[in-house]
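Here is a friendly briefing to read alongside the coordinates. Please have the viewer open as you go through the points.

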Amino acid sequence: MGIPGRYVKEEELKRMAGVIEYKPTAKYAYSAGQALSVFLKGLREGKIVGRTCNSCRRIMVPPREFCEYCHSPAGEWVELPGTGRVETASVSYISARRAKLREPEVVAIIRLDAPGYRGDEPDFPGIFHRLCGVTEEEVKGGKVFGARVRPRWRPEGERRGSITDIECFERW
Amino acid sequence: MRAAVLGIGWHGFRPSVPELSFAEMMYEAAVRAYEDAGVEAREDIDVFVSCQEDFWEGIAISDEFAPDPIGGVMRPTMTVAGDGLQCVGQAFMMIRSGLAEVVAVETHAKPSDVKTLQGVYELALDPQLRTLGPGNPLFPAGLDAVAYMKRSGAEREHLALVAVKNRNRGLRNARAPHAARITIEDVMASEPVVYPLTAYEIAGYTDVAVNVVIASERKARELKGEPVWLEGIWWSTEVGSGTMEWHEWGRMPSMKAAAREAYRQAGISDPRRQTDFAEVEDRFSFMELLSLEELGLAPEGAHRLLEAGHFDAKGGYPVNPSGGSLSLGTSFEATGLVRLLEAVLQLRGKAGGTQVEGERAIVASWRGVPTYTSIVAVLSR
Amino acid sequence: MNKRGSHGEVAHVEGEMEVEKYVYPPGTLGERVAEALLEGKLLGIKCGNDLLVPARPYCPDYGRGELVEVQGPWTVESYTIIYKDMRGERLKEPQVIALLKPEGAQGGLIHYLKAEKVFVGLKARPVFKPREERRGVLSDILYFIPVE
Ligand SMILES: [Zn+2]
């Protein structure tokens, strides 16, 4: 016995009796918490702040109150220079709200320069952000991987304590 | 292999905990529970279980966020969309079957992070019911309350008395932000929110994270902690849940079924004689009376025993000596674990100002409107 | 202004479970229920000797049931009155919501009730929207009113 049913085209669905359309209302104000609040304040001041784990000495960016590997409280705060290398990158053709972008956007994971790190560790302090001045082709061809980048900060008066206080990362 | 609650930790118990993220609260509760149990997070715990629900978190696929704060990174971690006590049920099965020796169960809630609580509740209703645009999605509790009153003969004053008993009792409990010094007159003079329930009779919301370490008897003895034995735990969902109209109004068959099986596991035939106190569902005042009937702790018409003071802390059978959810507040999926916490502290003799005497207790929780899922646990010292 | 934590001020971040909308199709059986609603008829599902309302695509024991039209009168099994929303704000008009059970059925419909005196056992009937405004959903019924 097959499953009872039939194929329905999207147009037909609009006219069909009994269809219910519903837009949920689900808004939140997530508490950033102790550690992320320091990070966000740092961004407003043009700084990238990380935190060291007392046990394994790793540096966490964004900072946390605890190290998830050691399950122990985090220790010293460290200000990083903000410079780093492109670990991986991709091209996005749609916005965060799924609208088609006029200009595709290059997004990347930046491996940040940090004291005690050689640059080849599987676990590293990093940031997910946009790259400016990088073409689609440079990503597709893999040319941008490993490029030296630094944050392009918004002017001081425009910073709000948000990750977008950094406009993007740019080559230098 | 018997299962024990070996450690329990919490953080929060305020209507709003703005200074911590949910992950930080989870971490704080976990550290305290592991300290209490005497276990190392990254060495001694075999499985981590987290009970959570995306729309309460405000994060899609929020289970991805479960492992880090509780020590579950690169360890067996699972999530269950249900009340924290359902996760305790998972831990119970893992211990009893020999799959694990130590299981950490975590649940957290930050209702203060949800700006549109009513919108999220409405989303939980059958889409057909949403087309009516009800002014308060808690209305199913009103339907149950009226049907319960009609069947049992309880009056509005009896429902009010539950709120008065529990809210006043909570004044002795440091974890009870919604405790209040109120009288029957205060309740009766208040305009209902959802008839017959006034704001005094509907539990408020509390931010909290709770972590419980469940261990096998062998491990519990080895670690020399203060085990509270988990003699039985069962949960049940009504047939036709999702079709609210098929619910048996004024009753809670899921709680009755869960109790029957939990009692069978614990070898209980007469819960009134074989247990000493209970932490039962009371997020709406009438639910305490209804729960007592479904749990077999009172005959039909539980309000008569309530009136006689039988369920007071000093009565024949203390019910909600903690002050219940009406004082502690509800905390989404953490509500059941909060009630378990109170019962465990009681059985350890560490309940402070709310301490009652007892060797064996019942914990019964419901998943709240608009669900028809209940969980019952039997604990002993 | 932000409050202070152990390391200085604490922040929060605004967010949304952003969904454009959900579109719930009625399903094969639901379509028949919806079409009946357009005609001003209410259906239940016959499962053995039981009549269950509202109709669902299968019986509680997963057997296949048979759709049948439900006859009134409907009886108020329970009711509630919503005075305030979850924020504690008073509604413009209190809403009476009832569980109405049709003769000989299990279950029933949850809907608004317009009556001077509301009580368990009250007999009522549905009042439908005008035909052209119906969409095959529960809100095609405006409310129930008492039958004399
Ligand atoms: Zn570490």
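In strand S10 of chain C, C:Gly107 stands opposite C:Val53. The model is predicted, so to speak of local features a pLDDT of at least 70 is needed, side-chain atom pairs count only at pLDDT 80 or more, and totals for chains, interfaces and linings use all residues. Residues are numbered from 1 along each chain as its sequence is written, chains are lettered from A and ligands numbered from 1 in the order written, and side-chain values use heavy atoms, with hydrogens and water left out.

**Strands within chain C**

- S6(C) and S10(C) (residues 106–107) run parallel and are joined by two bridges; strands count as paired if DSSP finds at least two bridges between them.
- S5(C) (residues 43–47) pairs with S6(C) (residues 50–53) in the antiparallel sense over three bridges.
- The bridge partner of C:Cys47 in S6(C) is C:Asp50.
- Two residues lie between S5(C) and S6(C) in their hairpin, and C:Gly48 in the turn has a positive phi of about 60°.
- Helices (H or I, at least four residues) and strands (E, at least two) are DSSP runs, numbered from the N terminus.

**Where chain A meets chain C**

- Contact, meaning heavy atoms within 4.5 Å, links 33 residues of chain A with 30 residues of chain C.
- About 2,900 Å² is buried between the two chains, and carbon and sulfur atoms give 52% of that area; buried area is the accessible area (1.4 Å probe) that two parts lose on being put together, summed over both.
- A:Ala17, A:Tyr30 and A:Gln34 supply 17% of the area that chain A buries against chain C, more than any other three residues.
- S2(A) runs antiparallel to S3(C) (residues 12–16), with five bridges joining them.
- Within that pairing, A:Tyr30 has C:Val13 as its bridge partner in S3(C).

**Charges across the interface**

- Four salt bridges are found between chain A and chain C, each a side-chain nitrogen of Lys or Arg within 4 Å of a carboxyl oxygen of Asp or Glu.
- A:Glu21 and C:Lys21 meet through their side chains in a salt bridge (3.1 Å, N to O).
- The elements giving two or more residues to the side of chain A that touches chain C are S1 (20–22), S2 (27–31) and H2 (33–44) of chain A.
- H2(A) gives the most to that side, with seven residues.

**Chain B**

- Chain B has 16 helices and nine strands.
- The C-alpha trace of chain B spans about 55 × 45 × 40 Å along its principal axes.
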